[in-house]
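I opened the notebook to record what I could look up in this model, one entry at a time. The sequence and the structure come first, and my entries follow.

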Amino acid sequence: MKHKVNMKEKISALADGELSDFETRRLLEEISSDPEYKEFWKNIKKHTKRSETLLKLRMPDSLSEIMGAECLTALSDLADRIELKSGISPWLENSFHTQKFDLAIDTEPFTKDPNNEVIPLFMDPFILVTPIIWDKISLEELVSTKPLVGYGRTSKFGSNCTKIVANLGVNYQPRFSFDSTQSLLRFVQAGHGWAATSALCLFQSPNALKDISIRRCPKSEFRTFSLLHRANDSELAIQASKKFITVFHKLTKGPWATLSKSVTQMLNEINYSSLP
């Protein structure tokens, strides 16, 4: 009788996840050989509610729009529920530091914190876009005679684009600026100016691709998207990072290549030498 009580206590401990791997294997063998214990174990599993796991992921708006759904699908075996929210870079990192979510995809630079770690995922080259009717204009003429369209400077991306055009000799503020890539590309498409943006941003507005001209920056410029995670979530982050890289590969070889072979070629050139 005492043995049965002890066994049932052990089975309860098994349900609570309190046994070692060795104890678990040994106890499961005993359970399988006794009909009474098998029934007891079956009833415990039926009435034990497993806590539901929630994985909170954040990424920039620009990335969420073109690969957010694919990333969520890829993470489906890592948690019961997955929540994706998007925003701009300062908000993303600040929210991460205040424990509002588990993983974040963002671009450098990151605030140094010994409790956080970063896993590089993929690179996104910066480019120049103009109305297609300016396709034959030299870069020098473009910079000196055509109006610049810009991004706001409140985000990392906007700040980087400002530095790129400054390196080209632009020493004035753009008359028109946007916080939305789609709006900016439509403005360029309509012939109102040229802009610095990135290859991935072009996939946010596929309809504009046929009416704009794409140029490489004279000097190779790119941003690196990385996975920001807490040091004690390293195992989860490694699994997630591999899934994100796989999603990126599939999109560059499939849907994105269909939208623009020249843009995906730029992505392939800068990434394939560094991605696994």
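**Entry 1: a residue in the core**

Which residues is Leu200 in contact with, leaving aside its neighbours within four places in sequence? I took contact to mean heavy atoms within 4.5 Å, and I found Leu63, Ile66, Phe122, Asp124, Phe225, Phe248, Trp256 and Leu267. Leu200 is, with Met67, one of the residues with the most contacts inside the largest nonpolar core, which has 60 residues. For such a core I used buried Ala, Val, Leu, Ile, Met, Phe, Trp, Tyr and Cys residues joined through side-chain atoms within 4.5 Å, where buried means under 20% relative accessible area, exposed over 50% and partly exposed in between (1.4 Å probe, protein chains only). Apart from this core lies another, of eight residues, among them Met7, Leu27, Tyr37 and Trp41. In soluble globular proteins, nonpolar side chains tend to be buried together.

**Entry 2: what kind of model this is**

I noted that the model is predicted, that local features need pLDDT of at least 70, and that side-chain atom pairs count only at pLDDT 80 or more, whereas totals for chains, interfaces and linings use all residues. Residues are numbered from 1 along each chain as its sequence is written, and side-chain values use heavy atoms, with hydrogens and water left out. The pLDDT, the predictor's confidence in each residue from 0 to 100, averages 85 over the chain, and 88% of the residues score at least 70. Where pLDDT is low, the predicted coordinates should not be read in detail.

**Entry 3: the chain as a whole**

I listed 12 helices and nine strands, taken as DSSP runs numbered from the N terminus (helices H or I, at least four residues; strands E, at least two). Of the 276 residues, 43% count as buried. Among contacts with a separation of 6 or more, 78% come from residues 24 or more positions apart.

**Entry 4: strand E7**

I looked at both faces of E7 and found each covered, with Ala195 and Thr197 buried on one side and Ala196 and Ser198 buried on the other. In a regular strand the side chains alternate between the two faces of the sheet. E7 pairs with strand E4 (residues 116-131) in the antiparallel sense over four bridges, pairing being called if DSSP finds at least two bridges. Within this pairing, Ala195 of E7 is the bridge partner of Val129.

I checked the length of helix H10 (residues 234-253): its 20 residues should span 28 Å at 1.5 Å a residue, and the end C-alpha atoms are 29 Å apart, which agrees. The expected span is 1.5 Å times one less than the number of residues. The buried residues of H10 include Ala237, Phe244, Ile245, Phe248 and Leu251. Helix H7 (residues 156-167) has 12 residues and reaches 17 Å from its first C-alpha to its last, close to the 16 Å expected. Lys156, Phe157, Gly158, Cys161, Ile164 and Val165 are buried in H7, and the helix is followed by Gly169, whose phi is positive, near 110 degrees.

**Entry 5: cysteines**

How many disulfides does the structure hold? I found zero, with a disulfide taken as a pair of cysteine sulfur atoms within 2.5 Å. The closest cysteine sulfur to that of Cys161 is in Cys201, 7.2 Å away, which is too far for a bond. Cys161 counts as buried because its relative accessibility is 4%, and Cys71 counts as buried at 0%.

Met7 is in helix H1 (residues 2-15) and is buried, with a relative accessible area of 1%. Leaving aside neighbours within four places in sequence, I found Met7 in contact with Leu27, Glu30 and Tyr37. The C-alpha atoms of Met7 and Ile31, 24 residues apart along the chain, are separated by 8.9 Å. Ile31 is also touched by Lys38, as is Ser32, not counting residues up to four places away in sequence. Lys38 lies in helix H3 (residues 35-47) and is partly exposed because its relative accessibility is 44%. Ser62, in helix H4 (residues 61-74), is buried at 15% and touches Cys201, Gln204 and Arg223, with residues up to four places away in sequence not counted.
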